[in-house]
Amino acid sequence: MRRLPLLLAGFAVAGAMPTQAAAPLSRVQVVALEFHYRLSRVRVPAGAVRIELANFGQDEHDLRLQRVGGSTVYQLPKALPGQRQVLNLRLKPGLYRLWCSLADHASLGMHAQLRVRRR
């Protein structure tokens, strides 16, 4: 029975020990205007990324994101003028292309690139 207090004290000390912090969340704001995107940054480290589409234009816009050579297409829903849409995801290293999939917006210039580098 004398071991129980020692065991409980050991657990208390172990719980108070610092743990390794998780990698910080990277953030990229994509401002949509007619007819282009402006990114808050064009490079982020691989891992957790928050993509925010902020529609400062007068038309409805959306955002698609695909790694060059990859098959997965991430998508943020349509944003009306003045609205914002957010997507949290984990990105692997590589070059990603971004575009608006509405009507002919991409061909009018609504596209950009985001470089995801190794940590």
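**View 1. Strand β5 is mostly covered.** Of the 7 residues in β5 (residues 61–67), 6 are buried (under 20% relative accessible area, with exposed meaning over 50% and partly exposed in between; 1.4 Å probe, protein chains only). Strands here are DSSP runs of E, at least two residues, and helices are runs of H or I, at least four residues, both numbered from the N terminus. This is a predicted model, where local features need pLDDT of at least 70, side-chain atom pairs count only at pLDDT 80 or more, and totals for chains, interfaces and linings use all residues. Residues are numbered from 1 along each chain as its sequence is written, and side-chain values use heavy atoms, leaving out hydrogens and water.

**View 2. β5 and β6 make a hairpin.** Strand β6 (residues 73–79) runs antiparallel to β5, joined to it by 5 bridges; strands pair if DSSP finds at least two bridges between them. Look for Leu65 opposite Tyr74 in β6. There are 5 residues between the two strands, and Gly69 in the turn has a positive phi of about 90°.

**View 3. β5 also pairs with β8.** Here 4 bridges link β5 to β8 (residues 94–99), again in the antiparallel sense. Gln66 sits opposite Arg97 in β8.

**View 4. The whole chain, for context.** Buried residues account for 34% of its 119 residues.
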